[in-house]
Amino acid sequence: MTESRENTKQEQLDRFREDQRNTVLTTQQGVRAGHDDDSLTAGARGPTLLEDFHAREKITHFDHERIPERVVHARGAGAYGYFEAYDNSLSEYTTAEFLTSGERIPVFVRFSTVAGSRGSADTVRDVRGFATKFYTRQGNYDLVGNNMPVFFIQDGIKFPDFVHAVKPEPHNEIPQAQSAHDTLWDFVARQPETMHMMMWLMSDRALPRSYRMMQGFGVHTFRLVNADGRGTFVKFHWKPVAGTHSLLWDECQKIAGKDPDFNRRDLWESIEAGRFPEWELGVQLVAEDAEHTFDFDLLDPTKIIPEEEVPVRPVGHLVLDRNPDNFFAETEQIAFHTANVVPGIDFTNDPLLQARNFSYLDTQLIRLGGPNFSQLPVNRPVAPVATNQRDGYGQQAIHRGRTSYFRNSLGGGCPALADAGGFHHYTEAVSGHKIRERSPSFKDYYSQATLFWNSMSEVEREHIVAAFRFELGKVETMSIREAVVGHLNEVDHDLAVRVAAGVGVAEPTPTGRANHGKRSAALSQLGQPGLTP
Ligand code: HEM
């Protein structure tokens, strides 16, 4: 263990903190205010005068207090803490120091629901975001994950469609943060790749008891890259030390009325009370030459790598031990981005991940008002920053020197390239025609949904059936209900029969899929996993 660095971010933030207790009220210009109750008027009953700069400034600032909420994951709660790798055993696979140094690395984690607006209730049936910003010595690394290991769609080109379907319907903005509406189920009926994730969404995993009791997943297959440039596929997992626990649906509905801040409050109060939430980080590693040994594609984000095939290896732990001082400045203004990587971590060609790598920066340019939001206190790296980027709205830096272009012979202001430790993209060999087509296993929509169903206990199955009945039973269009039951019939006949009976749909006939719970015959021909992580 080397010197602890967990306070580096804290010290940086301290420089921005403003404590206004026991100070005199001023304008933005520092002029002391002698009055703050009455605006300046022409006589006791006359109009307000334009020259009242104090009142104008105060109201104008108020008028501009709101920024757009996140287009998804608008409602959230966050906290600071640290991450610590257990040892340096991953150095065989990666040059990312925070995964190997054993130092305490400062982090900020934001948990969120996905569909609801900023003011919606916590205990809705929804996916939860689990986004972590690691302020590492090599720059910021963001692991922008969810509490479920797969996603609804396989390609980011469908993300706007999916979100339009899952958000409240456009004509009346109903329902707020619920999965019970025709547009969502219409999308599901027409996009069977959603089925695996829909099984998770109808399960108790969508009703976490506490953010402290949720798993987290990076979802995509990423790549670790070592000092020799060798790549290893990796999936990231967070496991809560407090265990994974859920609420019952009935509890969720009551709590949503009594305490819409239930999960937020729990996170805040636990940290205030010194009961610091903890997670263990685990990785599943797959050698590059084992890429094609599975009956699914590692680039398909609707598939997990079963833990029986590749065990999760614990590599470090995360502790959240400090609440933010200001929700807006920190939790609201933090900007996560899947493309914020550090040397030793790289992407794969997962088409969902590739779209995310475009989308986050793009949306934050508008959400946070221009290109300088990485200078906001919560987003600032603790690693030194020196770019040739200049100007723009909200520029905080006073760049000195004459030059702001690379390469120059005049010196004075232009940073040099790193001799060592720079980010080098993994040198993956790529060839192929430009097509809009994925490998055939992307079309296996049901096998892993079946695997999920088969892994459930009877109580968990009852909850899943009840959830499908409740949510699908609210869909007005019968053909959508029937189509979804048809997909469930591909997942498991018994499941489909039980759901059909609760939503007024005729009992489906068995599909004859003899492989329920197993790999499909066609896919197993692709080869058995012969993996050496
Ligand atoms: C926000 C996770 C897919 C676009 C978020 C957040 C999380 C997350 C956790 C909240 C970040 C925060 O707390 O500030 C995921 C996961 C995905 C996924 C795990 C799939 C595996 C996508 C895709 C796109 C996308 C495919 C677009 C093509 C966005 C956008 C935001 C967001 C625009 C709002 C960001 C902001 O305003 O700061 N996502 N997301 N996400 N996500 Fe995703």
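Start by selecting α4 (182-190) and α12 (residues 478-491), a pair of helices with a left-handed crossing. Here left-handed means that the near helix is turned anticlockwise from the far one by less than a right angle, and right-handed that it is turned clockwise. Helices (H or I, at least four residues) and strands (E, at least two) are DSSP runs, numbered from the N terminus. What you have open is a predicted model, in which local features need pLDDT of at least 70, side-chain atom pairs count only at pLDDT 80 or more, and totals for chains, interfaces and linings use all residues. Residues are numbered from 1 along each chain as its sequence is written.

The axes of α4 and α12 come within 9 Å and cross at roughly 45°. Axes are lines fitted to C-alpha atoms, for helices over the stretch in contact, and angles run from 0 to 180 degrees between N-to-C directions. The two helices are therefore oblique to each other; angles under 35 degrees count as roughly parallel, over 145 as roughly antiparallel, 65 to 115 as roughly perpendicular and the rest as oblique. Now show the side chains of Asp182, Trp185, Asp186, Val188 and Ala189 in α4, along with Ile480, Ala483 and Val484 in α12, which make the contact (C-beta atoms, placed from the backbone, within 7 Å). By class, these are 6 nonpolar, no polar and 2 charged residues. Ala, Val, Leu, Ile, Met, Phe, Trp, Tyr, Cys and Pro count as nonpolar, Asp, Glu, Lys and Arg as charged, and the others, Gly among them, as polar.

On the α12 side, pick Arg481, Val485, Leu488, Asn489 and Val491; they meet His493, Leu495, Ala496, Val499, Ala500 and Val503 of α13. That contact has 8 nonpolar, 2 polar and 1 charged residues.

Look for Val465, Phe468, Arg469 and Leu472 of α11 against Leu495, Arg498, Val499, Gly502 and Val503 of α13. This contact divides into 6 nonpolar, 1 polar and 2 charged residues.

Move on to the ligand. Around the ligand are 28 residues, of which Arg70, His73, Arg110, Gly129 and Ser359 come nearest (a residue is near if its C-beta atom, placed from the backbone, lies within 6 Å). Elements that give two or more residues to this shell are β2 (104-113), β3 (128-136), β4 (139-146) and α9 (351-367). Of these, α9 gives the most, with 8 residues. The shell holds 14 nonpolar, 10 polar and 4 charged residues.

Stay on His73 for a backbone check: it has a positive phi of about 60° although it is not a glycine. His73 sits in the loop between α2 (53-63) and β1 (76-85). Most residues other than glycine have a negative phi, and most peptide bonds are trans.

Two peptide bonds are also worth a click. From Ile174 to Pro175 the bond is cis, with omega near -5°, and Pro175 lies in the loop between α3 (159-166) and α4. From Phe406 to Arg407 the bond is also cis, with omega near -10°; find Arg407 in the loop between α9 and α10 (447-454).

Finally, zoom out to the chain, with its 14 helices and 10 strands.

How values were computed
Two residues are in contact if their C-beta atoms, placed from the backbone, lie within 7 Å.
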